[in-house]
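Hi everyone, thanks for coming.

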Amino acid sequence: MDLPELHCIVIGAGIGGLAAGALLARQGVQVVVLEAQSYPGGCAATFSSGGYRFDAGATVGCGFHPGGPLDKLGRELGIDWPVRREPLAWQYRHRDLRLDLASSRENIIARFPRSQAFWDEQSRLARILWSFSAGALPWPISGGRDLLGIAGKALASLPDSVRLLPFAGRTALEWLRHHRLHDDPDFVRFIDAQLLISAQTTSRHANALNAAIALDLPVAGTWRVDGGIGAVARRLAESIERDGGAVLYGKKVTRLDSIRREVLGVETSDGDALAADAIIANLTPESFALLDDFRPADEPDAPPASGWSAFMLYLGVDASFFDRAGADHLQIVAPTGELGECRSLFVSASPVGDAGRAPDGQRAVTVSTHTKPERWFKALQQGRAAYEALKQEYTDRTLALLREQLPEFDGAIRSVTAATPHSWEQWTGRHRGLVGGYAQTSLFGVRGPATKYKNLFLTGDSIFPGQSLPGVVTGARRTVELVLRRAKKLRW
Ligand SMILES: Cc1cc2nc3c(=O)[nH]c(=O)nc-3n(C[C@H](O)[C@H](O)[C@H](O)COP(=O)(O)OP(=O)(O)OC[C@H]3O[C@@H](n4cnc5c(N)ncnc54)[C@H](O)[C@@H]3O)c2cc1C
């Protein structure tokens with residue numbers, strides 16, 4: 001079949017679904033994206049509330065560096081991203097420690113002099129990994145062609161690629177131990193805080209190669225996105241439409257119609273039925289299970305439904321406060337205790353001069369902390385009062401840690417709105433509000449885009465390489481490659 005005759009439905013207009021849809025549409029495939037909400041972006045959306053434009057989840061633009069996944073995608077699709085490089089990625093605060101994370105590590109090495117060799121090694125590994133992730137990454141391997149693809153990439157970057165091997169089966173903590181850094185609690189906490197937001201787990205469990213690239217984000221560069229992070233999704237949706245596709249909002253897919261191992265089409269909550277040759281689902285495997293008549297639990301390698309959600313505060317804050325704080329993004333970590341659950345916060349203020357994000361003299365601020373969803377849904381079962389009480393408890397604890405590090409914060413706050421795993425479930429259709437993708441503990445046993453249905457594929461942060469804008473764009477390339485390969489093989 002010629003590509004213009006290939007019809008593809010994408011369920012969900014998150015960055016993963018939109019990137020896959022845009023790449024296919026650019027190649028001439030007939031693409032229709034069905035999005036349940038009235039706006040695109042999912043976890044990386046920007047929404048309006050009370051005169052503010054808040055970033056819902058993601059706030060830090062990454063992967064836009066030359067050759068990075070977003071840069072490459074933009075060049076291919078003719079998108080001029082509305083981004084500007086941030087001079088400072090974020091500021092880390094723990095007790096009296098203040099560290100600016102930027103393209104240079106000088107200040108970090110000055111504070112932790114024994115870490116020089118570790119950072120040198122991390123930079124070398126990250127350089128190789130970024131070059132690997134610039135195209136579709138044939139991982140996890142599904143067939144001889146992928147094996148050849150990986151072998152080709154490895155050979156092309158010899159001898160560098162051989163350097164990756166010893167790290168593939170190591171945890172980040174073992175890597176730190178190798179550099180005798182594991183016994184410095186402040187350094188481990190600093191590393192753990194970064195890994196939790198980028199790899200969804202801490203050094204005890206994170207894979208060393210995942211850690212190497214996660215720790216590279218401030219060096220590779222971070223970007224502010226004018227109008228909020230949701231502008232990335234909007235540009236991708238426009239690209240699909242420019243290339244003859246459609247992005248339809250308010251279209252929640254409620255059912256997949258299938259015969260044996262083939263999906264024929266989808267039904268939506270407003271009573272529509274659409275047929276397609278191929279379907280791409282920008283959903284978590286757990287959310288899939290919620291669609292009538294479809295049980296991905298049939299898939300033998302479905303991971304258990306565990307993971308992180310997020311508790312959020314959306315704040316209106318006096319603009320001058322952040323001038324004094326010295327950074328627009330702050331990572332604040334409690335003196336002791338496991339990270340997450342209000343003991344580690346990521347705080348992001350809308351940039352100065354980004355008109356329309358907040359009333360005059362204020363900034364729209366997003367604060368997030370990792371939280372396990374179970375407690376929230378148990379509270380909901382107990383009734384509204386129990387849920388509201390938990391929400392208040394988390395609000396108070398979050399504000400208390402903010403106050404500890406930023407004593408004048410209270411006086412600068414103009415409005416407070418909280419959101420919970422239940423909110424995330426409502427906003428993104430993700431079962432239990434599981435956001436952030438899987439914990440990056442191993443390179444083996446990760447999920448790829450294929451399903452047991454020959455024309456149904458996954459994309460988004462549940463598939464390798466996982467969460468973040470660059471992560472889901474890299475995963476989307478892999479999904480697109482498999483769709484086209486399958487279309488050719490089966491002559492759809
Ligand atoms: C609090 C938080 C902070 C983060 N910070 C950053 C950051 O600073 N930088 C960064 O790069 N990444 C960050 N991330 C990660 C990043 O946002 C995500 O990895 C990425 O946006 C996920 O995209 P996705 O395509 O997998 O899916 P999603 O964003 O979940 O999109 C899925 C879409 O599918 C739609 N949908 C679901 N079910 C249906 C259905 N049945 N029918 C139709 N549509 C449906 C949803 O409405 C949604 O729009 C953060 C995430 C969170 C939660």
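The radius of gyration here is taken over C-alpha atoms, and the globule rule is 2.2 Å times the number of residues to the power 0.38. For 492 residues, that rule puts a compact globule near 23 Å, and the chain has 22 Å, which agrees. Please keep in mind that this is a predicted model: local features need pLDDT of at least 70, side-chain atom pairs count only at pLDDT 80 or more, and totals for chains, interfaces and linings use all residues. Residues are numbered from 1 along each chain as its sequence is written.

On to the fold. The chain has 18 helices and 20 strands, which are DSSP runs numbered from the N terminus (helices H or I, at least four residues; strands E, at least two).

How much of the chain is buried? Buried residues make up 51% of the 492, where buried is 20 or more other C-beta atoms within 10 Å of a residue's own, with C-beta atoms placed from the backbone.

Now the ligand. The shell around the ligand holds 38 residues, and the closest are Gly12, Gly14, Gly42, Gly429 and Gly460; to count as near, a residue's C-beta atom, placed from the backbone, lies within 6 Å. Helix H1 (15-26), strand S2 (30-35) and helix H18 (469-490) each give at least two shell residues, and H1 has the largest share, three residues.

Finally, Ala212. Leaving aside neighbours within four places in sequence, Ala212 is in contact with Gln122, Leu125, Ala126, Leu129 and Phe167, contact being C-beta atoms, placed from the backbone, within 7 Å.

Key
Two residues are in contact if their C-beta atoms, placed from the backbone, lie within 7 Å. A residue is buried if 20 or more other C-beta atoms lie within 10 Å of its own, exposed if 12 or fewer, and partly exposed in between; C-beta atoms are placed from the backbone.
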